[in-house]
Amino acid sequence: MPTPRLTTTFTLTRADALAYERLPRPFRLGRFLLLVLWLIPGIAIPLLFAGSFGGFFNPGIWALAAIGAAIQYTLAMIWLSIGDLRRARRRLRVAADITIEEDETGFSVSGPGIPRYLTFAEAGRPKLTRDYLFLGSADNLVILPRRAFPEEGSFEALAARLTAAGITAAVVDPEPAPA
């Protein structure tokens, strides 16, 4: 059995799952068209009544259309946030204590449920943010928060070991943490 390079135990919370769900997603034309279709009534309804409010070129009509679009956009963002919260709740029902052991070939993850082993090949294209490292696919996901690494620099050292193993992490938000 290979000797572990890294062993860490931490509590995985719903906030950690929510951080994964809020990662930027690839552009999907269908979702974009739904958003545009959702915004049309907020803009079109004031314009339909332009004759009652002094004509089509009245600045008040355009202000109402802008307010309507802003309200519709806000409602759409609230709806998308609720979807993120629901997916995070499905991903992790309750907080769980997780133990991760890294060796030369991958990660051994133990916690609630069946213990599993994630090889470096199964890690796919990890996503590295300021506070998290996400390994695997959506179905076989390992969430590693920065707070799980008590030693300074061990989080970055893990990312460097993944790079040395031929796995390049996609940096999602490269800004440094606020001081």
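Contact here means heavy atoms within 4.5 Å, while axes are lines fitted to C-alpha atoms, for helices over the stretch in contact, with angles running from 0 to 180 degrees between N-to-C directions. In those terms, α1 lies across β6 and β7 and runs at about 70° to β6. This is a predicted model, in which local features need pLDDT of at least 70 and side-chain atom pairs count only at pLDDT 80 or more, whereas totals for chains, interfaces and linings use all residues. Residues are numbered from 1 along each chain as its sequence is written, and side-chain values use heavy atoms, with hydrogens and water left out. Helices (H or I, at least four residues) and strands (E, at least two) are DSSP runs numbered from the N terminus.

- The covered face of β2 consists of A96, I98, I100 and E102, and its uncovered face consists of D97, T99 and E101.

**The mixed sheet and its helices**

- A second open sheet of four strands has the order β7-β6-β5-β8 and mixed pairing, with β7 and β8 (170-171) as edge strands that each pair on one side only.
- Strand β5 (residues 127-128) runs parallel to β8 and is joined to it by two bridges, with K127 standing opposite A170 in β8.
- Helix α4 packs on the sheet, where it touches β5, β6 and β7, and its direction makes about 30° with that of β6.

**The nonpolar core**

- The largest nonpolar core has 33 residues, and those with the most contacts inside it are I100, L133, L135 and L144; such a core is a set of buried Ala, Val, Leu, Ile, Met, Phe, Trp, Tyr and Cys residues joined through side-chain atoms within 4.5 Å.
- Two or more residues of this core come from each of β1, α1 (14-21), β2, β3, β6 (132-135), β7 (142-145) and α4 (154-164).
- With neighbours within four places in sequence left aside, I100 is in contact with L6, T7, T8, F10, F107, S108, V109, V142 and L144.

**Helix α2**

- Helix α2 (residues 29-48) has 20 residues and reaches 28 Å from its first C-alpha to its last, close to the 28 Å expected at 1.5 Å a residue, the expected span being 1.5 Å times one less than the number of residues.
- At I40 the helix α2 bends by about 25°, and a proline, P41, follows within four residues; the bend at a residue is the angle between axes fitted to the seven residues ending there and the seven starting there.
- The buried residues of α2 are L39, G42 and P46, where buried means under 20% relative accessible area, exposed over 50% and partly exposed in between (1.4 Å probe, protein chains only), and these buried residues pack against α3 (59-91).

Terms used: Two strands pair if DSSP finds at least two bridges between them.
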